[in-house]
Amino acid sequence: MTGVGHQQFEDLKNEENQMTKIRFATAADIPALVELGKAIHGETRLSRFPFNPKRLAAQFESILSPPRSDYCVFVAEKETFGLVGLFWGQISQYYFSDALVATDFMFYVRPELRGTPLAVRLIHGFRQWATNRGADEVCINMTTGIDIDRFDRFLRHMGFDYTGGNYSQWVVRDGAAK
């Protein structure tokens with residue numbers, strides 16, 4: 001994605017929806033996923049922590065090679081521009097019940113393509129994946145700090161209920177926040 005200009009992304013916004021392919025990621029995508037992860041990291045409140053590409057690659061490797069059925073990684077890909085979005089989720093039982101909940105680890109669309117159908121398509125893909133695995137609930141969280149109010153409006157529009165919030169506090173050591 002390095003070197004792609006703003007006008008090129010504006011042109012992408014005007015392309016037909018079918019020009020973007022939503023698909024399951026494979027182990028071959030790990031280098032591109034790590035690059036997208038670096039872009040995500042740089043945009044979030046968590047950018048104060050060092051980015052470790054080897055750690056992220058190992059995380060993707062552990063769920064994509066071989067593919068695990070309790071995790072999914074969907075990517076949005078434009079042929080000329082590569083990966084422009086992703087949804088990484090998991091399904092598991094609640095700690096108190098046999099009921100299954102599908103949750104996200106990472107949900108991202110590049111800033112230049114927000115407001116296009118990509119996010120809707122990624123959510124639909126995740127909900128369908130979760131439904132196919134017998135999920136009783138789908139939960140999507142916000143911990144990145146990216147456009148919180150817009151994210152809230154989007155998820156409500158998609159039929160999700162507001163059930164609480166995420167709160168964080170930096171740990172202070174030796175008089176300075178880590």
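Two strands count as paired if DSSP finds at least two bridges between them.

Before going on, a word about the model. It is a predicted one, where local features need pLDDT of at least 70, side-chain atom pairs count only at pLDDT 80 or more, and totals for chains, interfaces and linings use all residues. Residues are numbered from 1 along each chain as its sequence is written, and side-chain values use heavy atoms, with hydrogens and water left out.

Now zoom out to the sheet. Strands of a sheet pair through backbone hydrogen bonds, either parallel or antiparallel. Here, five strands make an open sheet in the order S1-S2-S3-S4-S5, with mixed pairing. Strand S1 (20-24) and S5 are at the edges with a single partner strand each, so one side of each has no neighbour in the sheet. On average, neighbouring strands of this sheet are turned by 20° against each other, direction ignored (the axes are lines fitted to C-alpha atoms, for helices over the stretch in contact, and angles run from 0 to 180 degrees between N-to-C directions).

Next come the pockets. On a 1 Å grid over the protein atoms alone, a pocket is an open set of points where a 1.4 Å probe fits, with protein on both sides within 12 Å along at least five of seven lines; lining residues have an atom within 4 Å of a point. The largest pocket has a volume of about 1,200 Å³, which is the space filled by probe spheres set on the points, with grid points joined across faces, edges and corners. Its lining has 37 residues, and Ile-40, Phe-105, Met-106, Phe-107 and Thr-144 lie nearest the centre. S4 gives the largest share of that lining, six residues.

The second largest pocket holds about 750 Å³ of space. It is lined by 25 residues, with Ile-140, Asn-141, Met-142, Tyr-162 and Gly-164 nearest its centre. Here H5 gives the most, with six residues.

What about the rings? Rings of Phe, Tyr and Trp (its six-membered ring) pair if their centres lie within 6.5 Å, and the whole structure has twelve aromatic pairs. One aromatic cluster is formed by Phe-87, Phe-107, Phe-126, Trp-129, Phe-151 and Phe-154. Elsewhere, Arg-48 lies over the face of Trp-170, at 3.9 Å from the ring centre (the rule asks for NZ of Lys or CZ of Arg within 6 Å of the ring centre and within 35 degrees of the ring normal).

Finally, look at the backbone. Most residues other than glycine have a negative phi, and most peptide bonds are trans. Yet a cis peptide bond joins Ser-65 and Pro-66, with omega about -5°, and Pro-66 is in the loop between H3 and S2. Asp-147, in the loop between S5 and H5, has a positive phi near 45°.

Key:
Helix = DSSP H or I, 4+ residues; strand = E, 2+ residues; numbered from the N terminus. Phe/Tyr/Trp six-rings, centres within 6.5 Å; stacked < 30°, edge-to-face > 60°.
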